[in-house]
Amino acid sequence: MDLSDRKRKILQAIIDEYIGTAEPVGSRAISKKENLGLSSATIRNEMADLEEMGYLIQPYTSAGRVPSDEGYRFYVNSLMRDYQIGMEAVAQLQRVLETRVSQLEKLIRYAGAIASSLTDYTTVVTAPKERNGKIKKIDLVLIASRTVMLIVVTRTVRSQVMNIDIDEESCARLAEILNKNLSGLMADDISFEKIQDIQKEVERRLSLHPKALIDIMHFVYDTITEESETEIYVNNARSILKYPEYSDVEKAERIFSFLEDKDNLRKLVESSSGDGIEAKIGKENDFEILQDCSTVSMNYSLGDRASGKIAVIGPKRMNYAKVFASLDLISNEIDKILSYYMNGE
């Protein structure tokens, strides 16, 4: 619904005031703080119209108004002013992130911490992952009679002790067969036909119980598919206690429980779609516990090789302009550093 210029200015003034105070906003407060050239009576009438149109709510009789979810949505889409991050903060961000270029996990963790510091809200950041882990090497080490350590090297190293009736020479042959057939592959590359080829070669060259090979292949597959699980880091979860919206202890505890559940957070960041910055306000959030909150998220990516997301969770009256500007800045810096990091690998 289109709003007149006067209604737009009044709605903007109310939301800006409410973001700063968390108190219902009355007509006198707006007439004093904003150079609108309007009387309190005129502002009061316009506020009543905005309430009827669904942009404002009067929480109780004789109170001022607070924005509705629709009011915040209109504000974000049409009224929000640009916010400039100070040059000192920009320079500090660049210095900090660049010093961590050789440690990708720390880079992403610290980017989330910076976003939380800039916005003063809780942040959730996901680390970029290849779609699947890639096998670099497989080792089999006989550590005792009928006891073998299976080692799978991807970007990390995982091992598992297995009970297999095999001697040291056969361990070496089996590792040779596995590396010849699996080195350089990702999970999607390991077809049923590939497993059959490995099984036939093992049967031809070794005396090995079929179940042993099945157990080995399960561990290898689990290792490389686990690589594609998104790592999630939460920063400043306790920041919600700063805001009067979360003064209810039971409500705060429910949100803390939500933030501690990585499955919830994974669903949260995966529920946002598209490029650019996306805000979900109040009931636009998929989780009931967040319907008194707003979430603002943004992707960072490196072509189709790796991608991640950084999200901010705060009260509906969050400083949207500052959050948008902070995420845009951090996303751009991560993009640049990831390009250097990934291309240099």
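Two strands count as paired if DSSP finds at least two bridges between them. Helices (H or I, at least four residues) and strands (E, at least two) are DSSP runs, numbered from the N terminus. Keep in mind that this is a predicted model, where local features need pLDDT of at least 70, side-chain atom pairs count only at pLDDT 80 or more, and totals for chains, interfaces and linings use all residues. Residues are numbered from 1 along each chain as its sequence is written, and side-chain values use heavy atoms, with hydrogens and water left out.

**Stop one: the hairpin.** Select residues 137-144, strand E4, and residues 147-153, strand E5: they pair in the antiparallel sense over 7 bridges. Pick out Leu142 and you'll find its bridge partner, Val148, in E5. The two strands make a hairpin with 2 residues between them, and Arg146 in the turn has a positive phi of about 60°.

**Stop two: Arg173.** Leaving aside neighbours within four places in sequence, Arg173 is in contact (heavy atoms within 4.5 Å) with Arg205 and Leu206. Val202 is 29 residues from Arg173 in sequence, but their C-alpha atoms are 8.7 Å apart.

**Stop three: helix H10.** Select residues 249-260. Lys251, Ala252, Ile255, Phe256, Phe258 and Leu259 are buried here (under 20% relative accessible area; exposed is over 50%, partly exposed in between, with a 1.4 Å probe and protein chains only). Look down the axis of H10: the buried residues fall within an arc of 160° (taken from the directions from the helix axis to the C-beta atoms), so they line one face. Turned away from that side are the exposed Val249, Glu250 and Glu260.
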